[in-house]
Amino acid sequence: VGRFRAAAIRQSRQSVPGRANDKNSAVTGSDITVCVRKRPLRTESGEEEDITEVDGPQTLNVFEHKVRVDLTKFIKKHTFNFDCVADDDCTNEDLYNRIAKPLLDVSFAGGVATCFAYGQTGSGKTYTMLGKGEAPGLYLLAAKDIFSRVDALHS
């Protein structure tokens, strides 16, 4: 029974809109998708220099200030690749459509899906997941979608 259920879930995942063949979705055919969101600089906290750069939908560059042995300064570029990289102008709704909404498709097809935020203090986890003011977070956007889908099933 377990193998049949796993095969059915895999098959339903492949047929769900917003999977690997959808250019607007960050969710791929794999079991784990890692997405990174670049947070805007906070000028009130004294952040003056942006040391990160989004270099396409899956690449983030970090510029590290270094000093050589002869005391000359230079910047070392580190490039990191993820399943999804969102720039600092990406809204919660954009992020929801790219990341969380496809997970609802998996769940409604009988699969199991989880979306969580991880990062250091002040990195934007609460804003992304809960939102603020007129910018609802991923939780609220998902709840609205879930209830509208359930209502559509019962009507």
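For a pair to count as a salt bridge, a side-chain nitrogen of Lys or Arg has to sit within 4 Å of a carboxyl oxygen of Asp or Glu. Arg149 belongs to helix 4 (residues 138–154) and Asp105 to helix 2, so the pair ties together parts that are 44 residues apart in sequence. Helices (H or I, at least four residues) and strands (E, at least two) are DSSP runs, numbered from the N terminus.

A word on where the numbers come from: this is a predicted model, in which local features need pLDDT of at least 70 and side-chain atom pairs count only at pLDDT 80 or more, while totals for chains, interfaces and linings use all residues. Residues are numbered from 1 along each chain as its sequence is written, and side-chain values use heavy atoms, with hydrogens and water left out.

The structure holds three salt bridges. Another of them joins Asp50 to Lys38, with the closest N and O atoms 2.7 Å apart. Both partners come from the loop between strand 1 (35–37) and strand 2 (52–54), yet they are 12 residues apart. Asp50 counts as partly exposed because its relative accessibility is 35%, whereas Lys38, at 11%, counts as buried. There is also a salt bridge between Lys66 and Glu64, at 4.0 Å from N to O. Here Lys66 is partly exposed at 30% relative accessibility, and Glu64 is partly exposed too, at 31%.

Stepping back to the whole chain, the secondary structure comes to four helices and seven strands. Along the sequence they follow the pattern α-β-β-β-β-β-α-α-β-β-α. Of the chain's 155 residues, 24% count as buried. Contacts (heavy atoms within 4.5 Å) can also be sorted by how far apart the partners are in sequence: among those between residues at least 6 apart, 48% join residues at least 24 apart. The accessible surface of the chain is about 11,000 Å², and carbon and sulfur atoms account for 55% of that. Such areas come from the Shrake-Rupley method with a 1.4 Å probe, and for residues only the protein chains shown count as cover.

Patches are made of residues with over 30% relative accessible area and no salt bridge, joining like charges within 9 Å, or nonpolar side chains (Val, Leu, Ile, Met, Phe, Trp, Tyr) within 5 Å. Asp88, Asp89, Glu93 and Asp94 form a negative patch. In this count Lys and Arg are positive and Asp and Glu negative, with His and the chain ends left out; each charge is placed at NZ of Lys, CZ of Arg, CG of Asp or CD of Glu. Glu93 sits in helix 2 (residues 92–108). Phe108 is found in helix 2 as well, and together with Ile146 and Leu153 it makes a nonpolar patch of about 280 Å². Phe108 counts as partly exposed, at 38% relative accessibility.

Finally, there is the backbone of Leu71: its phi is near 70°, a positive value in a residue other than glycine. Leu71 lies in the loop between strand 3 (59–67) and strand 4 (73–81), and at 67% relative accessibility it counts as exposed.

Definitions and conventions:
Buried means under 20% relative accessible area, exposed over 50%, partly exposed in between (1.4 Å probe, protein chains only).
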